[in-house]
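Hello,

Here is the structure I promised to pass on. My notes on the backbone follow below.

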Amino acid sequence: HLGQVLVFDAHKGTVVGTSLDLVAGVDPTDSDRGLADCATAGPRCPVSAAPAFAAQTGILVVGLWEPDAPAPVLVGLRYRPDQTPILSREWTSQAVGGGPIASPVLSADGSTAYVNGRDGRLWALDTADGTAKWSTVLGYQPQTPPSVTPEGVIVAGGGPGAQLTGITDTGEIVWTRADIEPLSTSSRAGEDLGYTVVRDGEQGQALLVFDPLEGGTVNRYPLPEATGWPVGVSIGHDGRIVTATSDGQVYGFAPA
């Protein structure tokens, strides 16, 4: 969140190579700086969401709000594990309207980054240079990232006031569920099933299973006494589903 990018050895937890500072004049030891702005993706938090990485291209894409800038931008970084420096800045893009919010998501081949704009649009950018390929008006402001299958079926992100929305990889909205308010990013089990946490009544929450191709409901499971905000849905190889809330409640589902 201080605008410093590091590569870690996932087994040892040690830093590999030299870290890359995306902003100047920020003390990397001042861990409290701007932290209060990170939850709301505000201007004092340089990096408020996780980057996206594609091994096929060696490109990382990350949202960055530079100090005193009017809006955040997207930055493309090149990862070269056998060179020094291990990371380099390739491009900076101001293409996303109002600046990006939430993490970017990459296509299966790593050539396209999908990210929410603060203008209520879903944007697709070329990861080679950060130029816009297309954008689509969603009709609401998503707060969580979209999800994308290897085949290019996109489900837009969620949040308060969101609508469950399916989009092609060319930016065409193919279905919308105005009766469903997804509160989390959709998790996908292949091409046929999607899972997301939705609002259930005035204050409740439920796990929704839906068809990503047409948007129809497959099943719906209430989350008893859920409070706080959903933090996502995990899918196991054995078909088990786990979701949790910001208040620390965890719900598990076994396949029938």
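Pro85 sits in the loop between β5 (73-79) and β6 (87-93). Helices (H or I, at least four residues) and strands (E, at least two) are DSSP runs here, numbered from the N terminus. The peptide bond from Thr84 to Pro85 is cis, with omega near 0°.

A word on the source. This is a predicted model, in which local features need pLDDT of at least 70, side-chain atom pairs count only at pLDDT 80 or more, and totals for chains, interfaces and linings use all residues. Residues are numbered from 1 along each chain as its sequence is written, and side-chain values use heavy atoms, with hydrogens and water left out.

Next, the phi angles. Most residues other than glycine have a negative phi, and most peptide bonds are trans. Ala41 has a positive phi, near 55°. Its place is the loop between α1 (35-38) and β3 (52-54). Ala102 also has a positive phi, near 70°. Ala102 belongs to strand β7 (residues 100-106).

Are these alanines buried or exposed? Buried means under 20% relative accessible area, exposed over 50%, and partly exposed in between (1.4 Å probe, protein chains only). Ala41 counts as buried because its relative accessibility is 9%. Ala102 is buried too, with a relative accessible area of 17%.

Last, Gly17. This glycine is part of strand β2 (residues 15-21). Gly17 counts as exposed because its relative accessibility is 51%. Val209 is 192 residues away from Gly17 along the chain, and 43 Å separates their C-alpha atoms.

Best wishes
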